[in-house]
Amino acid sequence: MTDLTLALDIGGTKIAAGLVDPDGAVVRAERLPTPPVGAEAIWRVVEDLIARMTTDATVRGAGIASAGPVDLPAGTVSPLNVPSWQGFPIRDRVAAALGGRPVRLAGDGLCMTLGEHWRGAGRGTQFLLGAVVSTGVGGGLVLDGKPYDGRTGNAGHVGHVVVEPAGPACSCGGRGCVEVFAAGPRMVAWARENGWAAAEDADAKVLGEAAAAGDPVALRAFERGATAIAAMIVSVAAVCDLDRVVIGGGVARSGPVLFDPVRAALTRFAGLSFLAGLTVVPAQLGGRAGLVGAAALLRDIS
């Protein structure tokens, strides 16, 4: 196989690798668990996946989607959910493993957005926000048809847009961020504090099922999270003049119990005339969006 791009998607629980063709189709993919400790142990998993992908395939280069923060000028990553990798030189390591072929790095939120822009629910848009609502809340921006990564590579960190300045404390050190209202574990914790009776291991998926079945506390938890998401969307859209928002991640798979209150809140918050055409849609690519988006980082390399 030739004319393929190696795509890597590195997170706190799994590391995925894939081969992506020039049309954005993933022709092969594998994933392995992220080791809990040891920078070199984690790298060996990445190295093993690179070897598996390139044994019988020639790749033109590699794109890397990583949990952040990232440091694009240095080519390093310091994922909050991978404590062993602080300032880890992932770009240079991958380039060395590929014999010096081109390697590009971006945050996983931006890569999700790029994947949806190229092959998913964001096709045909020029000004797109992609949001991932899962155990945390992340995102990325495509502006004027191009990825926007900012000064350090961390633009689009929409989970830390403040929607309630006096709100609950966030793990980032701030207060009232979108993430404290809309992240799956936070929604579950709030529901339990307000009387939701569920098994000890019940997660956001179970909470979503309860909301869909009409449980009043679960519905309030989703409405609370959706209101925070809508407030963030309006703020980002007012700054970036967006035309579409794509929402993916585990919480987003709850469907109408999230999207209906998001859209209802948008009608209350979006008072500016240029926000009237903004649409919010579910992501389409699921777990492969990061791989497709990582490959998209190399689309301008001939």
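This is a predicted model: local features need pLDDT of at least 70, side-chain atom pairs count only at pLDDT 80 or more; totals for chains, interfaces and linings use all residues.
I started at Asp241, which is in the loop between helix H7 (216–240) and strand E11 (244–248). Helices (H or I, at least four residues) and strands (E, at least two) are DSSP runs here, numbered from the N terminus. Phi of Asp241 is near 55°, a positive value in a residue other than glycine. Asp241 comes out partly exposed at 44% relative accessibility; buried means under 20% relative accessible area, exposed over 50%, and partly exposed in between (1.4 Å probe, protein chains only).

Residues are numbered from 1 along each chain as its sequence is written, and side-chain values use heavy atoms, with hydrogens and water left out.

Asp144 also has a positive phi, near 55°. I found Asp144 in the loop between strand E9 (137–143) and E10. I then looked up the Gly68 to Pro69 peptide bond, which is cis with omega near 15°. Pro69 belongs to the loop between strand E4 (59–66) and strand E5 (70–71). For context, most residues other than glycine have a negative phi, and most peptide bonds are trans.

**Rings**

How many aromatic pairs does the structure hold? I get 2. Rings of Phe, Tyr and Trp (its six-membered ring) pair if their centres lie within 6.5 Å; planes under 30 degrees apart are stacked, over 60 edge-to-face, and the rest tilted. Trp43 and Phe88 make a tilted pair, 6.3 Å centre to centre with 40° between the planes. Trp43 lies in helix H1 (residues 39–54) and Phe88 in the loop between strand E6 (76–77) and helix H2 (90–97), so this pair ties together parts that are 45 residues apart in sequence. Trp85 and Phe88 are stacked, because their ring centres are 4.1 Å apart and their planes are at 0°.

Ring pairs link Trp43, Trp85 and Phe88 into a cluster. I checked burial too: Trp43 is buried, Trp85 is buried at 0% relative accessible area, and Phe88 is buried at 6%.

I also noted the charged end of Arg268 over the ring of Phe269, 5.4 Å from its centre. The test is NZ of Lys or CZ of Arg within 6 Å of the ring centre and within 35 degrees of the ring normal.

**Second largest pocket**

The second largest pocket holds about 340 Å³ of space. On a 1 Å grid over the protein atoms alone, a pocket is an open set of points with protein on both sides within 12 Å along at least five of seven lines, and lining residues have an atom within 4 Å of a point. Grid points are joined across faces, edges and corners, and the volume is the space filled by probe spheres set on the points.

**Pro168**

Last stop: Pro168, in the loop between E10 and helix H4 (178–182). Pro168 is partly exposed, with a relative accessible area of 30%. Counting contact as heavy atoms within 4.5 Å, and leaving out residues up to four places away in sequence, Pro168 touches Gly174, Arg175, Gly176, Val180, Phe181 and Arg224.

Note on methods. On a 1 Å grid over the protein atoms alone, a cavity is a set of points where a 1.4 Å probe fits but cannot get out, and a pocket is an open set with protein on both sides within 12 Å along at least five of seven lines; lining residues have an atom within 4 Å of a point.
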